[in-house]
Amino acid sequence: VSQAIACASTAEQRDEARYAEMEVARRSGDVERARELAQAFASEDGPVSAGKLRAALLGATMTRDAGDAAAAVSAYRNVMRLAVAAGDVAGPQAGDVYRQAALSLVHLLRESGRRDEADAVAEEAARQLPRFRAVAGE
């Protein structure tokens with residue numbers, strides 16, 4: 001996978017190869033490495049690509065699965081901010097990632113007994129999702 005990253009001819013291909021590297025690490029049982037790769041990639045400066053959004057979402061999900069609810073809440077909020085900031089640059093995947101992050105965050109907040117916060121996130125998502133659908137041409 002590292003060779004694929006080095007040989008990628010476009011930023012999009014490079015980002016997809018980096019995402020694949022995270023998935024390989026996660027599926028091979030090296031969840032900590034996958035989480036580190038995802039967090040490093042998602043926090044880099046530069047444009048927000050579809051690959052970077054997917055990496056951020058994967059990192060948030062792995063953080064939740066590791067049992068760190070507070071960090072997962074923060075990570076899901078960050079994914080949502082990244083998706084909004086990406087606008088139409090990241091294409092239709094931005095809306096999909098935003099929706100998944102919002103749903104996961106609402107579920108996590110409700111599990112934690114933070115229903116008012118969960119409702120606020122759901123309301124914000126209801127306001128944002130039509131914008132993503134418009135960008136995607138739906």
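## Basis of the report

Contact here means heavy atoms within 4.5 Å. Helices (H or I, at least four residues) are DSSP runs, numbered from the N terminus. The model is predicted: local features need pLDDT of at least 70, side-chain atom pairs count only at pLDDT 80 or more, and totals for chains, interfaces and linings use all residues. Residue numbers start from 1 along each chain as its sequence is written, and side-chain values use heavy atoms, without hydrogens and water.

## Helix α4 against helix α6

A50, L53, R54, L57 and R64 of α4 are in contact with Q93, A94, V97, Q100, A101, S104 and L108 of α6. The residues of this contact divide into seven nonpolar, three polar and two charged. Nonpolar covers Ala, Val, Leu, Ile, Met, Phe, Trp, Tyr, Cys and Pro; charged covers Asp, Glu, Lys and Arg; the others, Gly among them, are polar.

Helix α6 spans residues 93-111, and α4 packs with α6 at an angle of about 15°, the axes being 9 Å apart. That makes α4 roughly parallel to α6 (angles under 35 degrees count as roughly parallel, over 145 as roughly antiparallel, 65 to 115 as roughly perpendicular and the rest as oblique). Axes are lines fitted to C-alpha atoms over the stretch in contact, and angles run from 0 to 180 degrees between N-to-C directions.

## Helix α3 against helix α4

Helix α3 (residues 31-42) packs with α4 (residues 50-65) at an angle of about 135°, and their axes are 8 Å apart. That makes α3 oblique to α4.

On the α3 side, V31, A34, R35, A38, Q39, F41 and A42 meet G51, K52, A55, A56, G59, M62 and T63 of α4. This contact divides into eight nonpolar, four polar and two charged residues.

Note on methods. Helix = DSSP H or I, 4+ residues; strand = E, 2+ residues; numbered from the N terminus.
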